[in-house]
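Welcome, and thanks for opening the viewer.

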There are 2 protein chains.
Amino acid sequence: MASSRLVIIGSVALDSIEGPAGKRDDVLGGSATYACYSASFFAKPELVAPVGKDFPATARAVLAERPIDTTALETLDGPTFRWSGRYTAGFKSRETLSLNLGVFMQFLPSLNEKLPPGSILFLGNIDPDLQLAVLDQAGPDAFVACDTIDHWINAKKPALLKGLAKTSLMFLNDEEARLLSGEDNLIKAGKAIRKMGPKAVALKKGEHGVLLFTADGIAALPALPLEGVSDPTGAGDVFAGAALGFLAQSADRSDARLRAALARGTVMSSFAVEDFGVERLRKVAPADIDQRLTALQQLIKF
Amino acid sequence: MASSRLVIIGSVALDSIEGPAGKRDDVLGGSATYACYSASFFAKPELVAPVGKDFPATARAVLAERPIDTTALETLDGPTFRWSGRYTAGFKSRETLSLNLGVFMQFLPSLNEKLPPGSILFLGNIDPDLQLAVLDQAGPDAFVACDTIDHWINAKKPALLKGLAKTSLMFLNDEEARLLSGEDNLIKAGKAIRKMGPKAVALKKGEHGVLLFTADGIAALPALPLEGVSDPTGAGDVFAGAALGFLAQSADRSDARLRAALARGTVMSSFAVEDFGVERLRKVAPADIDQRLTALQQLIKF
């Protein structure tokens, strides 16, 4: 199996989360944490992110449980990124209670070298200008996957569009897709975003699954049925991390392989939301993943 | 192929519809019309509904284009059921502008006889007390499918629950499922409704597809990707009609057969919404159905 490098750039954070399933403080989170933790079930991701000197040894120990290369996890002067938020009943919406970017303010992600052909680079939800800077460092041969949020679509659309033109696989949720495309209809939205540059668009619909738009057409996967959601924080990053970890196992970037990758994303995010932070993922065994992949096949069989 | 009788009870109406795709008056509609028209691609449904003396010959001619048994289409003194409604941008919601039940007020659906074992009876969205009366006439051997709307869940829940206990397959959309079950989570909602009596629950999510709950577990099918929705009126009845028409082709009521039936519902409703009323269905050929079934298989393949 010709495996590829998988470089994941984003945040490592300490979150305080409250919602229908309770309240937790100082939960290890952040886009890069979630994506790496999930990807590590399929590949050995390289984590590029900053933490502060206050980053606890217990959190480092949780990262160390998985095959994650933390060489590029920088410790900077200042506090670790902290976010606190509250989910409403039924997890219908969430509200940010406080946000302290801390060392993330000074973060200038650096790759030190161009990435070899076939490498996968995941640019988590960070400032589109930073995404562009990393894209330049990575060179033209990497398979670049991006995530973003409504804030950057509103605040930095030109930089985001420049990045999109160099993106192989764009991850967005339904609201972000509508906002970015100006289209209400999600099929029109996905197609419109693909015309902005990305070879493929993965449009995540939460409990309603995911749509994939490529040159060859559209794929759709439902989500696995879940009754007991505890914490949806990071589910999108877990989704992307699993998909990219799976892609990194080979040089195959075909539609069939992308679909199989999204199935891994579907499975890993179904685990992730069952407990706070990465707690559920810490307990996942390879056989559990196979079992849910089979359940997903069974779910859609007709 | 041992085919079953398929009796469809509901309304035949003349609708005035306006929305993003334009405005049409006197569109042939009603739950029984939509369900029969769709079912007629798979079986010969028996239409049980009333119309007024004003029901136009042109509308009768449209019904006559399909193999629909209209022996029990009664013509009563008074005006035909008329509904007018308006869809908002993106078909996000609809508003009833006027409603005249007309002859539907005096409608006492009658089967004249108990249905032979294996027969399928579809009780479209009508007063749950009427549904109960028909259930008694039908006898215990029919496979009963029901539809309802939020109005009856609010106004006549006890009668609705009595009917549910005798129902084989209940069709609801997501909002109705939440309202009836009191559960926000659709998986919990589907399971809770199944506990009210129906052997199977088909929970329709519009553009997000359908969930099926049975004793054996859950199935999920996405909707076919559609960019050009013109009129979603009756899509749920078209869905149910196709599913039941397909079931009527054999005595098989297994989970596998139910899933295959929902795939037919998915395909036929994808056609129906592409034009006003049954206009798109009038142009559907069997090969078109096969093509979209293949597209649905292809859509979810991973």
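How many residues does the contact take from chain A and from chain B? This is a predicted model, and in it the contact takes 32 residues from chain A and 32 residues from chain B.

**Stop 1: the interface as a whole**

Colour the two chains separately and turn to where they meet. About 2800 Å² is buried between chain A and chain B, with carbon and sulfur atoms giving 55% of that area. Now select E227(A), R259(A) and F302(A): together they supply 28% of the area that chain A buries against chain B, more than any other three residues.

**Stop 2: links across the interface**

Next, show side chains on both sides. The rule finds six salt bridges across the interface of chain A and chain B. To view one of these, select K191(A) and E227(B), which form a salt bridge whose closest N and O atoms are 2.5 Å apart. Polar contacts are there too: 16 residue pairs make them across the interface of chain A and chain B.

Which elements of chain A give two or more residues to the side that touches chain B? Highlight helix 7 (186-195), strand 13 (217-221), helix 9 (255-272) and helix 11 (286-300) of chain A. Helix 11 of chain A gives the most, with six residues. Colour this side of chain A by residue type and you will find 17 nonpolar, five polar and ten charged residues.

**Stop 3: R292(B)**

Move over to chain B and select R292(B), which sits in helix 11 (residues 286-300) of that chain. Is R292(B) buried or exposed? R292(B) counts as buried because its relative accessible area is 18%, under the 20% cut-off. Show its surroundings: the side chain of R292(B) makes a polar contact with the side chain of E274(B), at 3.0 Å. Leaving aside residues up to four places away in sequence, R292(B) touches L224(B), L226(B), V267(B), S270(B), F271(B), E274(B) and R280(B).

**Stop 4: I9(B)**

For the last stop, select I9(B) in strand 1 (residues 6-9) of chain B. I9(B) has a relative accessibility of 0%, so this residue is buried as well.

Methods
Residues numbered from 1 in each chain as written. Chains lettered and ligands numbered in written order. Predicted model: local features only at pLDDT ≥ 70, side-chain atom pairs only at ≥ 80, totals over all residues. Heavy atoms only, no water. Contact = heavy atoms within 4.5 Å. Buried area = accessible area lost by both parts, 1.4 Å probe. Salt bridge = Lys/Arg side-chain N within 4 Å of Asp/Glu carboxyl O. Polar contact = N/O pair within 3.5 Å; in protein donor to acceptor, adjacent residues only side chain to side chain. Helix = DSSP H or I, 4+ residues; strand = E, 2+ residues; numbered from the N terminus. Nonpolar A, V, L, I, M, F, W, Y, C, P; charged D, E, K, R; others polar. Buried < 20%, exposed > 50% of the residue type's maximum accessible area, 1.4 Å probe, protein only.
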